[in-house]
Amino acid sequence: MRRIGYTFSALAFALLLAPESAQAQFGIRGGVSLTDLLGDDVGETEQRRGLNLGAFVDLFRTGPVQVAAEVYYRQKGADLATLQGDLAQGQTPPDNIEFGLDYVEIPLLLRWNVVQGRRARLYVAGGPAFAWRIDCGVTVSTGAGTTTPSCDDLLRDNLQETLEDYERGLVLSGGVDLLVRRGLGAINLDVRYTRGLSRVTGDLDWKNEALSAMLGWTFAPRW
């Protein structure tokens with residue numbers, strides 16, 4: 001499934017390099033997230049900081065309404081202070097488990113430019129997001145120190161085998177475009193909330209949640 005994620009990423013970036021005749025408006029974004037896991041089986045958690053790096057392209061626009069496709073490398077997960085489940089046999093109960101999941105995520109968003117001035121444009125957006133897991137990482141902290149076991153060792157029942165390769169989610173965002181120069185580009189500030197609608201694992205009720213802030217650049221924006 002990792003190859004599928006890389007393939008979708010390559011296809012999405014190819015779309016961003018569409019010829020100028022297509023008059024597609026595109027840009028790049030990057031930033032940080034506070035991520036967490038929700039669900040009855042999660043137990044006590046703390047937010048984890050993650051990275052977002054990606055790009056976006058407008059597929060359709062009419063008046064103040066746009067449809068945009070995006071693609072990101074996104075880090076998700078949480079710090080698990082406790083676990084509802086069995087730890088590996090013989091393992092000392094950990095003080096903290098940092099559980100990280102890396103995805104290639106593709107949101108498809110409907111955007112409405114609420115306010116559009118000569119130099120600034122305020123917007124809200126929302127829509128579905130589809131993500132493919134490309135990596136999993138674990139850091140376990142105990143009184144004896146810190147270790148980095150594989151995801152296979154996190155739970156007795158082999159968590160790695162139960163992790164889902166694919167995730168469905170929902171994105172709600174808002175932001176502002178600040179025109180630097182017409183025909184040159186605009187600075188983009190975007191804040192968004194992402195909620196997983198499908199489970200991270202097939203056996204446990206874990207779902208991703210993230211609050212992100214990103215800074216970007218829109219090339220030759222249509223104003």
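Helices (H or I, at least four residues) and strands (E, at least two) are taken here as DSSP runs, numbered from the N terminus. The structure is a predicted model, in which local features need pLDDT of at least 70 and side-chain atom pairs count only at pLDDT 80 or more, while totals for chains, interfaces and linings use all residues. Residues are numbered from 1 along each chain as its sequence is written, and side-chain values use heavy atoms, with hydrogens and water left out.

The predictor's confidence in each residue is given as pLDDT, from 0 to 100. Its mean over the chain is 82, and 78% of the residues reach 70 or more. Confidence is highest in β9, at 97, and lowest in helix α1 (residues 2–16), at a mean of 51. Over residues 17–22 the pLDDT is below 50, and this stretch has zero contacts in the model beyond near neighbours in sequence; contact means heavy atoms within 4.5 Å. Residues 84–90 also have pLDDT under 50, but for them the model has 17 contacts beyond four places in sequence. Where pLDDT is low, the predicted coordinates should not be read in detail.

Burial is described by relative accessible area: buried means under 20%, exposed over 50%, and partly exposed in between (1.4 Å probe, protein chains only). A nonpolar core is a set of buried Ala, Val, Leu, Ile, Met, Phe, Trp, Tyr and Cys residues joined through side-chain atoms within 4.5 Å. The largest such core has 17 residues, and those with the most contacts inside it are Leu37, Leu80, Phe99, Leu101, Val200 and Trp206. Two or more residues of this core come from each of β4 (65–80), β5 (96–116) and β6 (120–142). Apart from this core lies another, of five residues, including Val71, Ile106, Trp132 and Ile134. Beyond its neighbours within four places in sequence, Leu80 is in contact with Leu37, Val42, Glu44, Thr45, Asn96, Ile97, Phe99 and Trp206.

Nonpolar residues also occur on the surface. Leu178, Val180, Leu184, Ile187, Leu189 and Leu215 form a nonpolar patch there, with about 470 Å² of accessible area together. Patches are made of residues with over 30% relative accessible area and no salt bridge, like charges being joined within 9 Å and nonpolar side chains (Val, Leu, Ile, Met, Phe, Trp, Tyr) within 5 Å; areas come from the Shrake-Rupley method with a 1.4 Å probe, and for residues only the protein chains shown count as cover. β8 (166–181) and β9 (185–196) each supply at least two residues of the patch. Leu184 is found in the loop between these strands and is partly exposed, at 46% relative accessibility.

A salt bridge is a side-chain nitrogen of Lys or Arg within 4 Å of a carboxyl oxygen of Asp or Glu. The count by this rule is 11. In one of them, Arg48 pairs with Glu98, the closest N and O atoms being 3.0 Å apart. Arg48 lies in strand β3 (residues 48–62) and Glu98 in strand β5, so the pair ties together parts that are 50 residues apart in sequence. Arg48 is buried, at 13% relative accessible area, whereas Glu98 is partly exposed, at 30%. A salt bridge also joins Asp177 and Arg111 (2.5 Å, N to O). This pair links strand β8, which holds Asp177, to strand β5, which holds Arg111, 66 residues apart; both Asp177 and Arg111 are buried. Arg29, Glu70, Asp190 and Arg192 are linked in a network of salt bridges.
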